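Please look at the sequence and the structure shown here, and then follow the explanation below with both of them in view.

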Amino acid sequence: MKIKSDWWKILGVVLVLFSLFQGLMGRVPVLPILHETIRNIYYHVPMWFAMVILFVFNAVYSIKYLSSGNEHHDNIAVEAANVGLFLGVLGLLTGMLWAKYTWGEAWSNDPKQNSAAIGMLVYLAYFVLRGSLDEAQKRAKISAVYSVFAFPVMIVLLFILPRLTDSLHPGNGGNPGFNKYDMDNQMRMVFYPAVIGWILIGVWVMQIRVRLLEITNQILEN
Amino acid sequence: MAFIKETATLIRKEFLMEWRSKYALNGILIYVFATVFICYLSFKKIDPITWNALFWIILLFTSINAIAKSFMQENRSRYLYYYTIVNPAALILSKIIYNLILMSLIAFICLFFYTVVFNNPIQDFAYYLLAVALGGLSFSSMFTMVSAIASKANNNSTLMAILSFPVIVPLLMLLIKLAKNAMDGIDRASSANEIGVLLLINIIVFAVSLLLFPYIWRD
């Protein structure tokens, strides 16, 4: 590991460890309904940030694949979708746990919950599409087209639709955003590092998976 | 100018092909009548919210079935011929416009038959017609590209459904909300947001389809 090129991996590990520790041990404001569950903000929200970044990677590398035809770009797109999907599942699970204690039910028909679940379906369909095509180049090209086609829809689904209706989530349907009232400065000092740390870790996992995939392909070819 | 002429010729070709066989239109019309009638026989009387949801579900499945055919009915060798003479953007645009006209026609017939068979709880009928027209536009723009993608993979009809459901859901949610507002006769200005977002998504889908189709039309 070279410090010059790999410093961001160390930074990611340090930031995530810091946020894990501070999330359990740090001081949080005492708020009605939320109480101690507010600590989940360090674990639940960064998952979505990291997921969206990885799905952006998927769209960008799909476009790059379409213009270059380079197999490496397709591998990055696939693994970005894989890791993004995994982070999305973690985000749903942490969110459902949080919802159970604050809203009363794990699934309370909240528009953001529904949108997130449907957003996951887009990428599950992406993998089904990949599975149905045998030829590697055709698979890469057609799945890249689908992912670029579906990406704007997913953005609408996650960022525009929940804002048009009432939601239990903060920041939607007239509810104040969490930054305004609930988080004090001390929490922000943990929250932002957690977001950056999880994004870096997600990208690192993606990079490792891409290498693994390419080595596997090389072995299979020989 | 050449692009518009090319598109117009291709649309004309689609209509001619349809007119000669009348296969798609008749098949879809029978599908609509049968579905609505089966729903009538099993529901008899329904409350307005279910009325609206059921109408859109029927329309959704009808349009998936209608549009899934758009890239299957012509054989491979004819596509090879198209490759040599037309612009890919003109080809996809002609398919979208043809599907739009077909879908609007089918949607209005479906609405007419549906209101005849069931009761008619719509209070603002003109606005509901607008919602149905927007539905036809959204379904045709979205499903045409998805059917192009699905036609490249072998097991067509299942894949068509799997690929199109996640991408149509946001549009369908907006459409059902808009239609429900029209059905309840709520002030028209209150649904302006939904119409704006629907048009915006459709413009994006149009643009993305025109940009992406050249990459998949050849194998």
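Where helix 5 of chain A meets helix 6 of chain B, the two cross in a left-handed manner, and this description, like everything that follows, refers to a predicted model. Their axes come within 10 Å and cross at roughly 160°, and because angles over 145 degrees count as roughly antiparallel, helix 5 of chain A and helix 6 of chain B are roughly antiparallel to each other. On the side of helix 5 of chain A, the contact is made by Lys138(A), Ile142(A), Val145(A), Tyr146(A), Phe149(A) and Val153(A), while helix 6 of chain B contributes Met142(B), Met145(B), Val146(B), Ile149(B) and Lys152(B).

The residues of the contact between helix 5 of chain A and helix 8 of chain B divide into 16 nonpolar, two polar and one charged.

Within chain B, helix 6 (residues 125-152) has a further partner in helix 3 (residues 48-68), and the two pack at an angle of about 35°, with their axes 10 Å apart. The crossing of helix 3 of chain B and helix 6 of chain B is right-handed. Among the residues that make this contact are Trp51(B), Phe55(B), Trp56(B) and Leu59(B) of helix 3, together with Tyr128(B), Gly135(B), Phe139(B) and Phe143(B) of helix 6. The residues of the contact of helix 3 of chain B with helix 6 of chain B comprise 13 nonpolar, six polar and no charged.

Several of these residues return when the rings are considered. Over all chains, the structure holds 20 aromatic pairs. One of them joins Tyr126(A) and Phe127(A) in an edge-to-face arrangement, 5.3 Å centre to centre and with 75° between the planes. Tyr126(A), at 1% relative accessibility, counts as buried, whereas Phe127(A) is partly exposed, with a relative accessible area of 22%. In chain B, Phe55(B) and Trp56(B) also form an edge-to-face pair, 5.6 Å centre to centre with 80° between the planes. Phe55(B) is buried at a relative accessible area of 0%, and Trp56(B) is likewise buried, with a relative accessible area of 0%. Ring pairs link Phe55(B) and Trp56(B) into a cluster that also includes Phe37(B), Tyr40(B), Trp51(B), Tyr114(B), Phe118(B), Tyr128(B), Phe139(B) and Phe143(B).

A last stop is Leu91(B), which is found in helix 5 of chain B, residues 88-117. Is Leu91(B) buried or exposed? At 0% relative accessibility, Leu91(B) counts as buried. Leaving aside residues up to four places away in sequence, Leu91(B) touches Leu10(B), Tyr79(B), Phe213(B) and Trp217(B). Leu91(B) and Leu199(B), for their part, are 108 residues apart in sequence and 22 Å apart in space, C-alpha to C-alpha.

Methods
Residues are numbered from 1 along each chain as its sequence is written. Chains are lettered from A and ligands numbered from 1 in the order in which they are written. This is a predicted model: local features need pLDDT of at least 70, side-chain atom pairs count only at pLDDT 80 or more; totals for chains, interfaces and linings use all residues. Side-chain values use heavy atoms; hydrogens and water are left out. Axes are lines fitted to C-alpha atoms, for helices over the stretch in contact, and angles run from 0 to 180 degrees between N-to-C directions. Helices (H or I, at least four residues) and strands (E, at least two) are DSSP runs, numbered from the N terminus. A crossing is left-handed if the near helix is turned anticlockwise from the far one by less than a right angle, and right-handed if clockwise. Contact means heavy atoms within 4.5 Å. Ala, Val, Leu, Ile, Met, Phe, Trp, Tyr, Cys and Pro count as nonpolar, Asp, Glu, Lys and Arg as charged, and the others, Gly among them, as polar. Rings of Phe, Tyr and Trp (its six-membered ring) pair if their centres lie within 6.5 Å; planes under 30 degrees apart count as stacked, over 60 as edge-to-face and the rest as tilted. Buried means under 20% relative accessible area, exposed over 50%, partly exposed in between (1.4 Å probe, protein chains only). Angles under 35 degrees count as roughly parallel, over 145 as roughly antiparallel, 65 to 115 as roughly perpendicular and the rest as oblique.
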